[in-house]
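The following paragraphs lead the reader through a single protein chain. Please keep the sequence and the three-dimensional view at hand while reading.

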Amino acid sequence: MPQPLVHVLNGPNLNLRGTRQPEIYGRDTLADLEARCRATAARLGLGLAFHQTNHEGVLVDLIQAARGVAQGIVINPAAYTHTSVAVLDALHAFEGPVI
């Protein structure tokens, strides 16, 4: 039986983690975060798809691509958290848990 799959989605500017205002956001890079997520997923017997995009439409596409494939989504939409009706609408169409 295949491993349950979780999609971890990251929004705009999160590719700058560790270098953008480290006094506010810390020094951990997105690669550091991905490594921790992969280690945790492996420990829990989960598959992991990890993505980052600076483009709202691409984020919507990633959410839609998770439908019927992933059992859950963990998302940090970053700047789109408070502004994107499109991201929220796509998340509402996903039938699994969203964190």
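**A guided reading of the chain**

At 34% relative accessibility, Gln 21 counts as partly exposed, a class that lies between buried (under 20% relative accessible area) and exposed (over 50%), as found with a 1.4 Å probe on protein chains only. The model is a predicted one, in which local features need pLDDT of at least 70 and side-chain atom pairs count only at pLDDT 80 or more, while totals for chains, interfaces and linings use all residues. Residues are numbered from 1 along each chain as its sequence is written, and side-chain values use heavy atoms, with hydrogens and water left out.

Gln 21 belongs to the loop between strand 1 and helix 1; helices (H or I, at least four residues) and strands (E, at least two) are DSSP runs numbered from the N terminus. The phi angle of Gln 21 is near 45°, a positive value in a residue other than glycine. Asn 13 is placed in the loop between strand 1 and helix 1 (22-25), and its phi, near 70°, is likewise a positive value in a residue other than glycine. As background, most residues other than glycine have a negative phi. With 35% relative accessibility, Asn 13 counts as partly exposed.

The overall architecture comes next. The protein chain has 4 helices and 3 strands, and from the N terminus on its elements follow the order β-α-α-β-α-β-α. The radius of gyration is 14 Å, close to the 13 Å that the globule rule gives for 99 residues, so the chain is as compact as a globular protein of that length. Here the radius is taken over C-alpha atoms, and the globule rule is 2.2 Å times the number of residues to the power 0.38. Along the principal axes, the C-alpha atoms fill a box of roughly 45 × 35 × 15 Å. Of the 99 residues, 34% count as buried. Among contacts (heavy atoms within 4.5 Å) between residues at least 6 apart in sequence, 70% join residues at least 24 apart.

Which residues touch the most other members of the largest nonpolar core? In this core of 16 residues, they are Leu 9, Leu 59, Ile 63, Ile 73, Ile 75, Val 87 and Leu 91. Two or more residues each come from strand 1 (5-10), helix 3 (56-66), strand 3 (72-76) and helix 4 (85-93), and helix 3 gives the most, with 5 residues. Another core, of 6 residues, lies apart from the largest one and includes Val 6, Leu 30, Ala 41 and Phe 50. A nonpolar core is a set of buried Ala, Val, Leu, Ile, Met, Phe, Trp, Tyr and Cys residues joined through side-chain atoms within 4.5 Å. Val 87 touches Glu 56, Leu 59, Val 60, Ile 63, Ile 75, Pro 77 and Tyr 80, leaving out residues up to four places away in sequence.

Two further buried residues touch each other. His 7, in strand 1, counts as buried at 7% relative accessibility. Not counting residues up to four places away in sequence, His 7 touches Ala 49, Leu 62, Ala 66, Val 69, Ala 70, Gly 72, Ile 73 and Val 74. Ala 66 lies in helix 3 and, at 0% relative accessibility, counts as buried. Beyond its neighbours within four places, Ala 66 is in contact with His 7, Ile 73 and Phe 94. From Ala 66 to Ala 49, 17 residues apart in sequence, the C-alpha distance is 9.4 Å.

Ser 84, in the loop between strand 3 and helix 4, has 8% relative accessibility and counts as buried. Pro 2 is placed in the segment before strand 1 and is exposed, with a relative accessible area of 71%. Its C-alpha atom is separated by 31 Å from that of His 55, 53 residues apart along the chain.

What lines the largest pocket? The lining consists of Pro 12, Asn 13, Leu 14, Arg 17, Arg 20, Tyr 25, Ala 78 and Ala 79, and these residues divide into 5 nonpolar, 1 polar and 2 charged. In this division Ala, Val, Leu, Ile, Met, Phe, Trp, Tyr, Cys and Pro count as nonpolar, Asp, Glu, Lys and Arg as charged, and the others, Gly among them, as polar.

Key:
1 Å grid on protein atoms, 1.4 Å probe; cavity = no way out; pocket = protein on both sides within 12 Å on 5 of 7 lines; lining within 4 Å.
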